[in-house]
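Please work through the exercises below with the sequence and the model at hand. Each task is followed by a worked solution.

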Amino acid sequence: MKAVAEPGDRGLMPLAAATERLLAMASATPLVGTEVLPLEAADGRVLAEPLRATTDLPPWPNSAMDGYALACAAWAGEPMEVSQRIFAGHAPGPLQPGTCARIFTGAPLPEGADCVQMQENAEVGADGRVRFTEPLRVGLNVRPRAQECRAGETVLDAGTRLGPIELGLAATLGVPSLVVRRKPRVAVLSTGDELVAPGLPLGPGQIYNSNRQLLRSWLERSACEVLDAGIISDDLQLTRRTLDSLQDVDLILTTGGVSVGEADYLGQALREGGTLALWKLAIKPGKPLTVGEYQGTVVIGLPGNPASTLVTFALLARPYLLRRMGCDRVQPKGFATLAGFAWPPGNRREFLRARVEAGRAEIYSNQSSGVLRSAAWADGLVEVPEGQAIAEGDTVRFIPMSELLA
Ligand code: AMP
Ligand code: MG
């Protein structure tokens with residue numbers, strides 16, 4: 001398929017190559033420093049040490065049902081005496097041979113029992129004896145000892161991102177606190193003469209700064225500590241002074257000013273005070289990306305159009321940060337779905353703001369990189385590879401927003 005070339009699209013860097021380079025940089029400069037946090041404060045953080053089970057879980061076989069525990073082989077079809085009642089949280093005595101025990105879900109199986117018949121399959125006679133109406137077998141309705149894990153086993157690897165499920169699992173193991181990686185400190189810097197903070201009046205030619213809030217909230221939910229470096233106007237002195245003031249951060253994340261336009265003061269400041277690489281990425285939205293360093297601190301400069309900021313943060317800056325935190329799996333997962341739209345081929349990989357409805361991806365009507373509403377409407381991104389045309393009904397990759405935002 002012939003791709004439609006756009007001016008300035010020669011020699012673009014494929015997304016995979018850019019990702020690989022950024023992740024290699026991140027792996028080479030892992031964050032040093034951990035802290036011990038109680039489970040309730042560890043949501044979203046990255047586990048710094050493997051979580052190991054200290055006991056078998058469950059420590060004893062227990063009942064999966066409300067019913068009767070017995071030794072399978074002892075049941076000959078005659079009504080059986082109930083010799084004890086076992087509730088969850090109570091320790092049973094050994095089972096008297098030839099009898100069964102009334103048992104409730106989660107209660108330990110008495111020694112000598114090997115199965116549980118659920119109460120729905122039992123009939124209690126006038127004399128209190130029970131008869132079972134369905135066949136029994138060894139292990140029926142029994143949760144065996146250590147079905148969850150064995151003592152000493154690694155249950156979560158170092159580098160695991162902690163969420164409700166992982167924290168619940170830690171609690172299951174009886175662990176009250178975890179060793180997590182410290183939060184990376186990220187300075188967020190918005191560049192542009194036109195930018196005004198929400199709440200202030202707009203002058204001629206001015207627009208509100210959306211990227212600052214977008215990145216701030218996103219970084220905070222990505223286990224980062226945000227240092228808000230505000231808005232800087234397109235001015236070399238101010239750019240230098242601001243960069244100079246950003247001490248002790250792990251990353252300087254900027255938006256805007258990366259197109260090789262005349263107001264390229266960020267680039268100039270980096271060239272003088274550090275290093276600068278301008279990557280022209282084969283993605284849309286989001287072609288220009290600055291990757292550099294200022295007095296030893298890594299600088300990633302995202303393009304300023306809000307949808308470009310979103311896509312480059314989601315696909316590049318965020319995985320970079322997570323990798324520095326020691327996360328292994330940092331790339332968003334996508335799944336195959338059918339296109340409910342048609343799209344022409346281009347020579348950049350496109351990320352269309354889309355929704356999946358009734359098994360088909362629909363795209364927002366306006367895919368301009370200046371339209372952030374497209375992403376608010378969407379619940380994911382459809383990935384259209386370079387040079388590929390999409391016809392309705394084609395299989396496309398859909399990356400849910402939840403994969404990017406978590
Ligand atoms: P630039 O990369 O500075 O050339 O900016 C590209 C486009 O994104 C321009 O239309 C800018 O006005 C816009 N833009 C840059 N930064 C922001 C921001 N923080 N919030 C909203 N729009 C922005
Ligand atoms: Mg600008």
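The exercises that follow treat domains, helix packing, selected residues and backbone geometry.

This is a predicted model, in which local features need pLDDT of at least 70, side-chain atom pairs count only at pLDDT 80 or more, and totals for chains, interfaces and linings use all residues. Residues are numbered from 1 along each chain as its sequence is written, chains are lettered from A and ligands numbered from 1 in the order in which they are written, and side-chain values use heavy atoms, with hydrogens and water left out.

**Exercise 1. State the domain division of the chain and the separation of the centres of domain 2 and domain 4.**

Step 1. Domain 1 comprises 7-33 + 182-324, domain 2 comprises 36-56 + 148-181, domain 3 spans 62-143 and domain 4 spans 335-405. These bounds come from an automatic or database domain assignment.

Step 2. Taken over C-alpha atoms, the centres of domain 2 and domain 4 are 36 Å apart.

**Exercise 2. Describe how helix 6 packs with helix 3 and with helix 1.**

Step 1. Two packed helices are described by the angle between their axes and the distance between the axes. Helices (H or I, at least four residues) and strands (E, at least two) are DSSP runs numbered from the N terminus. Axes are lines fitted to C-alpha atoms, for helices over the stretch in contact, with angles running from 0 to 180 degrees between N-to-C directions.

Step 2. The axes of helix 3 (residues 211-221) and helix 6 (residues 306-324) cross at roughly 30° and come within 11 Å. Helix 3 is therefore roughly parallel to helix 6; angles under 35 degrees count as roughly parallel, over 145 as roughly antiparallel, 65 to 115 as roughly perpendicular and the rest as oblique.

Step 3. Residues in contact (heavy atoms within 4.5 Å) include L214, L215 and W218 of helix 3 and L310, F313 and L321 of helix 6.

Step 4. For helix 1 (residues 15-28), the angle to helix 6 is about 25° and the axes are 8 Å apart, so helix 1 is roughly parallel to helix 6. Helix 1 also passes helix 6 in a right-handed crossing. Among the residues that meet are L15, A18, L22 and M25 in helix 1 and L315, L316, P319 and Y320 in helix 6.

**Exercise 3. At what angle do helix 4 and helix 5 pack, and which residues make the contact?**

Step 1. Helix 4 (residues 236-245) packs with helix 5 (residues 265-273) at about 55°, the axes being 9 Å apart. Helix 4 is therefore oblique to helix 5.

Step 2. The crossing of helix 4 past helix 5 is right-handed. The contact joins L236, T239, R240 and L243 of helix 4 to Y265, L266, Q268, A269, L270 and E272 of helix 5.

**Exercise 4. Is R45 buried or exposed, and with which side chain does the side chain of R45 make a polar contact?**

Step 1. R45 is placed in the loop between strand 1 (34-38) and strand 2 (51-52).

Step 2. The relative accessible area of R45 is 7%, so R45 is buried (under 20%; exposed means over 50% and partly exposed in between, with a 1.4 Å probe and protein chains only).

Step 3. The side chain of R45 makes a polar contact of 2.6 Å with the side chain of E35. Such a contact is a pair of N or O atoms within 3.5 Å; within protein, one must be able to donate a hydrogen and the other to accept it, and residues adjacent in sequence count only if both atoms are side-chain atoms.

Step 4. Leaving aside neighbours within four places in sequence, R45 is in contact with residues including E35, L37, R161 and A223.

**Exercise 5. Which backbone oxygens does the side chain of T191 reach?**

Step 1. T191 belongs to strand 13 (residues 185-191) and, at 10% relative accessibility, counts as buried.

Step 2. The side chain of T191 reaches the backbone oxygen of T255 at 3.0 Å and that of G256 at 3.3 Å.

Definitions and conventions. Left-handed = near helix turned anticlockwise from the far one by under 90°.
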